[in-house]
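Hi there,

Here is the structure I promised to pass on to you. Please open it alongside this message, and then read on for my notes.

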Amino acid sequence: MRVSRACLVTATALAAVGLVAPTATATNGPRNVNVNPFSVHQGGVLTVSASGCGHGGTVTSNAFQRPAHLPASDTTSFATAKIRHNATPGHYNLAVKCNDNALVATHQFTVLSGRGARGGIGGSLGPSDTEMKVGAGLVAASAVGGGLFIVRRRRLNRGEV
């Protein structure tokens with residue numbers, strides 16, 4: 001009877017270890033790395049997605065102001081990275097490394113020159129000097145024209161020509 005009890009305890013222990021083991025293993029490393037958008041302007045923001053980093057990870061590139069951090073996730077993780085304002089336009093590579101694995105996955109993206117359009121304010125912060133001069137000229141011309149119209153109308157009402 002003692003042998004059967006020992007076998008039962010051993011089998012139960014092995015079953016418990018077997019059920020817990022898959023959750024304690026390390027991930028296979030980063031995979032399915034994608035960037036959005038593929039082409040980003042200097043000073044812009046790039047979103048990086050990667051799978052396989054169950055305990056989080058880091059995204060690095062020469063074009064980034066600082067490394068971006070991937071949060072821990074059993075599925076796909078997302079990180080945002082800001083591109084340096086003085087990054088040289090061209091093709092860059094980024095590297096994704098998980099915290100629990102030595103494997104590194106890379107992906108390419110492009111940095112474009114300029115800042116791009118600033119949505120919501122029409123692509124600029126204010127009118128240029130030329131636009132201000134043209135606007136002032138139009139306002140002045142309409143004021144002079146309106147004044148002449150009123151003076152002429154007064155003369156016609158009084159019978160003068």
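Below is what I found, going from the overall fold down to single residues.

First, please keep in mind that this is a predicted model. The protein has 161 residues, and buried ones make up 24% of them. Its secondary structure comes to two helices and eight strands. If you look at contacts between residues at least 6 apart in sequence, 54% of them join residues at least 24 apart. The accessible surface is about 11,300 Å², and carbon and sulfur atoms account for 59% of that area.

Now to the sheet. Five strands make up an open sheet with mixed pairing, in the order β2-β8-β7-β4-β5. At its edges are β2 (39-41) and β5 (68-70), each of which pairs on one side only. From one strand to the next, the twist averages 30°. On the β2 side, three bridges connect that strand to β8 (residues 104-112), and the two run parallel. To find this pairing on screen, look for Val40, which stands opposite Val111 in β8.

What about the nonpolar interior? In general, nonpolar side chains of soluble globular proteins tend to be buried together. Here the largest nonpolar core has 23 residues, and those with the most contacts inside it are Leu46, Val59, Ile83, Leu94, Val96 and Phe109. At least two core residues come from each of β1 (31-36), β3 (45-51), β5, β6 (76-82), β7 (90-98) and β8. The largest share, four residues, is supplied by β7.

The peptide bond from Asn36 to Pro37 is cis, with omega near -5°; Pro37 is found in the loop between β1 and β2. The other detail concerns Asn32, in strand β1. Its phi is near 50°, which is a positive value in a residue other than glycine. Is Asn32 buried or exposed? With a relative accessible area of 53%, Asn32 counts as exposed, because the cut-off for that class is over 50%.

Happy browsing, and do write back with any questions.

Best wishes

Technical notes: Residues numbered from 1 in each chain as written. Predicted model: local features only at pLDDT ≥ 70, side-chain atom pairs only at ≥ 80, totals over all residues. Heavy atoms only, no water. Pairing = 2+ DSSP bridges. Axes fitted to C-alpha atoms, helices over the stretch in contact; angles between N-to-C directions. Core = buried A, V, L, I, M, F, W, Y, C linked by side-chain atoms within 4.5 Å. Buried < 20%, exposed > 50% of the residue type's maximum accessible area, 1.4 Å probe, protein only. Contact = heavy atoms within 4.5 Å. Areas by Shrake-Rupley, 256 points an atom, 1.4 Å probe, with all protein chains shown as cover.
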